[in-house]
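Hello,

Here is the structure we talked about. Please open it and keep it in view while you read my notes below.

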Amino acid sequence: MRSEIEQLLDVAVRKELEAEAIYRSAQAGFSDPVSQSLLQALAEEEAGHVIKVRELAQKNGEGKYWDEDKLRALRASDLVKDDMPIDKHSKLQDMLRYAIQREKNSVQLYTKIKQALKDKNAQNLCEELLQEELGHEIKLRNMYHDLFYG
């Protein structure tokens, strides 16, 4: 059976791959180059996150990067929240709200993972991930505001 941290990191990889796919498919809904460029950049950053999470997973295998007491309190099932699923029939506004919520969830996920890390380099990598996800949330909120309230 896979350990809790392995399950958690698997969830993080899956979330990053899903986010990349969402941003790539959302590009088709925009005709303006600014929105397409933003979504392309977000997709590429999510693809980069997969590499970083896999690096954390590799460090997990080395066994010295995690605070065991904090790790016991961390549960992957508590951090997985997909409240607003979207599909090919979803409207742009729904897709953006969903993406914003996913980015918020990612910030929470990486905050919890960072708290369970004891290695400074691994903490820095996790901090980088959560700051990038926070940046994604801000960009998406700005896009949402410009499209629907601007």
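**Aromatic pairs**

There are 2 aromatic pairs in this structure, which is a predicted model. A pair of aromatic rings is described by the distance of the centres and the angle of the planes.

Start with tyrosine 144 and phenylalanine 148. Their ring centres lie 4.9 Å apart, and their planes meet at 50 degrees, so this pair is tilted. Both residues sit in helix α6, 4 residues apart, which means about one helical turn separates them.

Now look at the second pair. Tyrosine 144 also pairs with tyrosine 149. Here the centres are 6.0 Å apart and the planes are at 50 degrees, again a tilted pair. Through these ring pairs, Tyr144, Phe148 and Tyr149 form a cluster.

Which of these residues are buried, and which are exposed? Tyrosine 144 is buried, because its relative accessible area of 11% falls under 20%. Phenylalanine 148 is partly exposed, at 31%. Tyrosine 149 is exposed, at 57%.

**Two helices**

Two packed helices are described by the angle between their axes and the distance between the axes. Find helix α5, residues 92-116, and helix α6, residues 120-148. Their axes come within 9 Å and cross at roughly 160 degrees. That angle is over 145 degrees, so α5 runs roughly antiparallel to α6. The crossing of α5 and α6 is left-handed. What kinds of residues make up the contact of α5 with α6? By class, there are 16 nonpolar, 5 polar and 8 charged residues.

Best wishes

Terms used
Residues numbered from 1 in each chain as written. Predicted model: local features only at pLDDT ≥ 70, side-chain atom pairs only at ≥ 80, totals over all residues. Heavy atoms only, no water. Axes fitted to C-alpha atoms, helices over the stretch in contact; angles between N-to-C directions. Helix = DSSP H or I, 4+ residues; strand = E, 2+ residues; numbered from the N terminus. Parallel < 35°, antiparallel > 145°, perpendicular 65-115°, else oblique. Left-handed = near helix turned anticlockwise from the far one by under 90°. Nonpolar A, V, L, I, M, F, W, Y, C, P; charged D, E, K, R; others polar. Phe/Tyr/Trp six-rings, centres within 6.5 Å; stacked < 30°, edge-to-face > 60°. Buried < 20%, exposed > 50% of the residue type's maximum accessible area, 1.4 Å probe, protein only.
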